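Subject: Structure handover

Hello,

The structure we spoke about is below, with notes on what was found in it. Please read the notes with the model open.

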Amino acid sequence: MAAPLLEVRNLRAGYGPTEVLHGLSFAIEEGTITALLGANGAGKTTTLRAICNMVRTSGEVLFDGQRIDGKSTEDIVRLGVAHVPDGRGTFTDLTTEENLRLGAYARRNHRDLAEDYERMYRLFPILAERRHQQAGTLSGGQQQMLAVARALMLRPRLLLLDEPSFGLAPMVVKEIFEVMRDINRTQKVTILLVEQNAAMALKLADQAHLLETGSILMSGSGKDLMNDDAVRRAYLGY
Amino acid sequence: MDAFLHQVFAGLATGGIYASLALALVMIHNATRLVNFAQGEMAMFATYLCWTMIQAGWPYWGAFFATVVLSFVLGVAIERILIRPVERAPVLTTVVVFIGLLLILNSVAGWIYTYTIKSFPSPFPSKAPFGLTIVSAHELGAIGVTLVVLMMVYLFFRFTPLGLAMRAAAQNPDSSRLVGIRVGWMLALGWGLAAATGATAGMMIAPIVFLDPNMMTGVLLYAFAAALMGGIDSPGGAVVGGFIVGVLENIVGAYLIGTELKLTVALVLIVGVLVVRPAGLFGRVIVQRV
Amino acid sequence: MLQERSAVRNGGGDAPLLSVHGLCVRFRGITALDGVSFDVRRGQIAGLIGPNGAGKTTLFNCLSRLYGYSEGRITFDGRPMEDVPRHKVAGMGIGRTFQNLALFASMTVLDNIKVGRHPRTRKGFLASALRLPGVAEEEADSTRRASELVRFLGLEEVAQQRVAELPFGTRKRVELGRALASEPSLLLLDEPAAGLNHEEVGSLGSLIKAIRDQYHLTVLLVEHHMGLVMSVSDHVVALNFGRKISEGTPAQVRKDPEVVQAYLGTES
Amino acid sequence: QKRYDPGASDTEIKIGQTMPYSGPASAYGTIGKVEAAYFKMLNESGGINGRKINFISLDDGYSPPKAVEMVRRLVEQDEVLFTVNTLGTPSNSAIHRYMNQKKVPHLFLATGASKWNDPKNFPWTMGFNPNYQSEGKLYAQHILATRPNAKIAVLYQNDDYGKDYLKGFMDGLGAKAQAMVVKSATYEVTDPTVDSQIVTLQSSGADTFFNITTPKFAAQAIRKVADVGWKPVHYLNQVSASVGSVLKPAGLDKSVGLISMQYIKDPSDPKWASDKAMQDYLAFMKKYLPDLDPMDGNNTYGLAVAQLTAQVLRQCGDNLTRENVMKQAASIRNFQIPMALPGVLAHTSPDDFAPFQTMQLVRFDGNTWVAFGEPMAVK
Amino acid sequence: MEAATPVDLPPVAPAQASGGVRGWSRGWLLGAILVVAAACVLPFVVSNYRVFQLTMVLIYAIALLGLNILTGYNGQVSLGHGAFYAIGAYVTAILMDKFGVPYWMCIPAAGAVCLLAGFLFGLPALRLEGVYLALATFALGVALPQLLKYKHLEEWTGGVQGIILMKPEPPIASILGLKLNADRWLFLFTLAITVVMFVIAWNLLRGRVGRALIAIRDHPIAAATMGVDTAMYKSLAFGVSAMFTGVAGALGAVVVAFVAPDSFTIFLSITLVVGMVVGGLASITGAFWGALFIQFVPNLADQVSKAAPWALYGAAMIVFMYVMPTGISGALRLAWLRLQRRTGRGSPAA
Ligand SMILES: Nc1ncnc2c1ncn2[C@@H]1O[C@H](COP(=O)(O)OP(=O)(O)OP(=O)(O)O)[C@@H](O)[C@H]1O
Ligand SMILES: Nc1ncnc2c1ncn2[C@@H]1O[C@H](COP(=O)(O)OP(=O)(O)OP(=O)(O)O)[C@@H](O)[C@H]1O
Ligand SMILES: [Mg+2]
Ligand SMILES: [Mg+2]
């Protein structure tokens, strides 16, 4: 069996003097979807940030067998890691289209670029309509769509999603999950998903980890977690 | 009427000076979101470098392009060495570093080159074309060079991915890293390009105002006003702003209030324009929403 | 703390607390609101739903006077809002939270909430500078009330921490506290459940009801979390493309085919 | 017998100074450097009357409050015997009263304002520069004598320096002043160019131009006047009459016919090539200040001041009280400063504190300044 | 503002602990009293020239505090505060010289005039933000000296010659057996006013008004929504800030006993900005550190090199900013926190 696409060993991370992650270890096989669940403040966002080296970290992160901890964020992204960040990271002063263009900035392969724009615009027609609108004036949900579209423009190998459904209308949430399933299946994009909509996330995920105050409390397949009582009470509500 | 035209042309000529430095300010602003107070002194220093080369016997254009390249390198070096340590500090901290840089460059130039004014050669013929006396050939040439630089800056920001990445890096470094932009190098590149633009400005200005360590102190103020009048993010605006400021100042001085308060009145008018159009004449209005 | 005041207010009979009539907002070619009308009665929790970009936040921004509107009328507590400057809105009794958080990043939790007391306090520059009589009392009162809210919202542990360091959910609670500190009679909540997990959403629902009951206020709730909206709302308004497409009880709206088609999607 | 006040002893004489080594006027800082180097040279050759000169020159950044601070340091902490050649009208105005209250000689101020010659009210203050007002008056007299119907345009720097010249000039023209001066324009030191002003002045139809500017602007004005094809009789104040640092950059061909005054030798003028004082000066600069530009008029000026100061100290002999310093400064008898033009003598008396009596009218011939007429009395 | 993270907009002020002014703790109060007491003794133990320098430090501290209220706390950048310093100085000089008003009455008068001037300037400035506001204030700083020279005002301002004042003599010859002279007296007088001004600033910034000012800086839209009359507060902040700086200018005029346009060039404004940032933005004690910096560092630079004193001054600025990006008071605060943490009294977060 091939090495996992992403492997995290004893990852610690924090802000200033405070340590937030206390040694996480997990691995993600290529072509799978992994969900990360956890309460508010558990450290999910920090985990994604730590993978991209956006916060102070120690421990090992391997991407495709290569150590990437210590590499700069931009170099990690250039390896094909797209990140939909917490808070969307919109380039508020630029237009919608410029935001998308930036999504493709680090892309190696510029073939099919035009086609990808079209694909995004098909996926989120409102963005096409608002091509030239200053992105900062889009509605919250529209910006969330933009953030997802921007990440997809990279044609990543690994997609890190920090609450992709944040602030989206129920119908769009469904669509986004469809898209994730779709790119995972057809383009073999590996996905690490942080999501509060646990029911949908677990249904989609091959693997899931439950995070609590900076440590992994439980891991298993999506189904396993869905059947766990504690998870059901806290995250699924039935 | 003749005198009026004459004033307008003199204003356009000095306006060209302001415009050329204003372009450098726009460049650095788009690349870093900061207004570099040391921009004028950097241009002055570059001009001295060119002067040194010419003294050493280099041909004008050789020295010119060597200076542009050298300035680019120095600009990059300044960003990497001086600005980088305060990259994440509050804006005003960086501003103080700029002021420090300004003082250092001004003072060191005075020390090395002394304060006596030096004449700086112009690449353009000494006789104006068509027997004009209103503007000199150099002034026309300088305006031409400014327009060429404007074209390049405009095309760069408008059409190249690098230009877009640079603007993105300036306004949202964290997100920029997440799309793979090497933010550090973008800033350095911005400094390099701004320094090169500034050096061009300096070499076009020096034949007009003479070369001395303080040659840019006055120009910087007007360039600052011009860039803001046009809209600090707009290269075209900076150039138009430069011409407006140049002409406005002359008209105010010659016909409205006399030369004693012309700067004051010109500044009041500029601030007045900004109060009506807070993003400048051609600047993009950025809406903040919640 | 609001009891006396709300008693008086309730004396106003059954007139709606908030009445929006024919509201239109346009931004260069984009019509964000297009003739929206609805009423919110006192003591209600009213839900406002609609697809992304339907104009929900825009409506809030009109109520806060952050956006101007070209047509229409907003009446609050019987008073037209057209000529109210934005900083007077809080004093009139409209408090709000923001969809994407708008906290004062460098301040502590407690100070953020104390800023919420601003419209309920008076002492200005001169009085503060000279510490005229009453300043200390007013400040102590603000501190007391803010601390009360800190306790009510369970923020004691982080009260002295800067909000920039807090996790998202906690920050949302700080915003809620800040809004409550101004003793509003109408509370506007913009997607309070976003980013919360199921359990947290559940407790948020109870919290909203508790706030309504304890502080006697009226709530206008924008939310995409249907479970929450449907469980706490007395009344729901649905928007699409700036137009009202449905209005009624949660059950009615949920079944409205237009809402299902535009917003909820088939099933659910 | 030996008598000393603070700052003087058997071995040392302490002299203080403030100079704008930093700030907008740092171009003048070179004056202080030349003076320091000159005193150093004197010390190396044994000092004055066996005493070494301890020259303390401090930076005031051309800011009056800073000048006050620095002068107080010199007087109260360093305890200098006297100060010399403190620069700038505003800075000197700020310390004027203080120096007189403290009764510390405030000698040879580097400014040409007329108020320094007021022995009655300010017996401890003495200027150096030929007074700008008097110089302005002389140009006026020359115009009245040669072209009584001239239409005059004036360009001046909008500060005390420019206004002093202008006042003397207007006084000199007397009753006809308002009629003769058809246009005047000002500039600020921060202005990038004076092109617009020249255009304004030209369009007034004037046939005579009085150019009251500092070197950089003088050069700009001379060039612009030529470029726009204006051909007035062009008077240039002596402050900017340096061939090397003004006329050369402006273009020697464009400077032909300029009229000015001189009192100090211009090192770029070939006629001094074999002059002893000039050779000494160039050797001195080469040895002590190789980084500075010997053609800079400020440097010759600095040397002249230092030479006159040394003369006063020689006159003092062993009586180094402040009172005697002042007394000796007020009794310079027709002293020929080596760097001053031949015939331009320094002369003071107890009721006349302006050292320079005479200046020479000169005209530029494309190569050098050529004297014409007799040296004129400046007072 | 859509940006939820504070990273998106580079803050004018350091994010660290600039979020408010704490009330007094007893230790603070005691410390402040001790410092003031020590300062009272100071003029009797150092030379008059040092007394003069220290008086200037106090004056600069008041000016910096004023600028900090506007820029540090309220987030409005002013590159032209020297103008208000000048107005304060000229009001004093004109009142003393032309009307014979005693110097101590001129100080409040100058403060009042500057309060009004600042408020009025603050009104159009409301429309401007960031670099645009910086330009407007810069323009003010550049234009004012020229206005002071203007020929039609010359009758009042003395034109380029300025106004020479009499230095006030002490009202009593000695105090508690310590002999007074003009310098010592002026130091004590300035010290008293400094204490008053600092107490005023402290009072203003620690309560409702201070919170509102910081709220406007951190998030103007939210501040307005919370009921803060942002326009009024910003203009008043301008006015109060100008008042502080004007009082400093007035004291400066009395102490230096001379005013002229050249005393108040744009370089003064720039110096004030430098002092504020080096001292520490949004910090009350920072004003003192900044004042010490701008008073003494140029002198040190001059001691080291006549050739290029500015180069050394500039280098000092850069070094300070590297070592202490949030200013001296920011660095002290960090050091203090670290010390607390080490001694185990840290916050629960640690
Ligand atoms: N910029 C920061 N500075 C200091 N502490 C921070 C910062 N960001 C997050 N933290 C702390 O790190 C911890 C984990 O935060 P993180 O954002 O990773 O949680 P999360 O699981 O993503 O929660 P949420 O559901 O709110 O998104 C929290 O306790 C938070 O207080
Ligand atoms: N300042 C503005 N300038 C231009 N367009 C704007 C502005 N504010 C809002 N809009 C547009 O108005 C529409 C309504 O936006 P609004 O934020 O009200 O949507 P919303 O219903 O809150 O959506 P969401 O659920 O995504 O938050 C959107 O299409 C948005 O792009
Ligand atoms: Mg998170
Ligand atoms: Mg919304």
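His209(A) has Ser219(A) as its bridge partner in β10(A). Another bridge to β10(A) pairs Ala208(A) with Gly220(A). In total, six bridges join β9 (residues 207–212) to β10 (residues 215–221) of chain A, and the two strands run antiparallel. β9(A) and β10(A) make a hairpin with two residues between them, and Thr213(A) in the turn has a positive phi of about 30°.

Before the rest, the conventions. This is a predicted model, in which local features need pLDDT of at least 70 and side-chain atom pairs count only at pLDDT 80 or more, while totals for chains, interfaces and linings use all residues. Residues are numbered from 1 along each chain as its sequence is written, chains are lettered from A and ligands numbered from 1 in the order in which they are written, and side-chain values use heavy atoms, with hydrogens and water left out.

Strands of chain A

β9(A) also pairs with β3 (residues 33–38) of chain A, in the parallel sense and over five bridges. Ala208(A) is the partner of Ala35(A) in that pairing, and it is also bridged to Gly220(A) in β10(A).

Chain A also has an open sheet of four strands, in the order β2-β1-β4-β5, with antiparallel pairing. β2 (18–28) and β5 (66–67) of chain A are at the edges with a single partner strand each, so one side of each has no neighbour in the sheet. Within this sheet, β1 (residues 6–15) and β4 (residues 56–63) of chain A are joined by seven bridges and run antiparallel. One of the residues bridged there is Arg12(A), whose partner in β4(A) is Ser58(A).

Ligand 1

Ligand 1 is surrounded by 17 residues (a heavy atom within 4 Å of the ligand). Asn40(A), Lys44(A), Thr45(A), Thr46(A) and Glu165(C) are the closest. The surrounding residues come from chains A and C, so the site is shared between chains.

Ligand 1 taken alone exposes 630 Å², of which the protein buries 81% (Shrake-Rupley areas, 1.4 Å probe; for residues, only the protein chains shown count as cover). The elements that give two or more residues to the shell are α1 (44–51) of chain A and α7 (168–181) of chain C. α1(A) has the largest share, three residues.

Ligand 2

Around ligand 2 there are 24 residues, and the closest are Arg130(A), Ser139(A), Gly141(A), Thr57(C) and Thr58(C). They come from chains A, B and C, so this site is also shared between chains. A polar side-chain atom of Ser139(A) is 2.6 Å from an oxygen atom of the ligand. Ligand 2 alone exposes 630 Å², and the protein buries 96% of that. α6 (140–152) of chain A, with β2 (30–40) and α2 (56–63) of chain C, are the elements that give two or more residues to this shell.

Regards

Terms used
A polar contact is a pair of N or O atoms within 3.5 Å; within protein, one must be able to donate a hydrogen and the other to accept it, and residues adjacent in sequence count only if both atoms are side-chain atoms. Two strands pair if DSSP finds at least two bridges between them.
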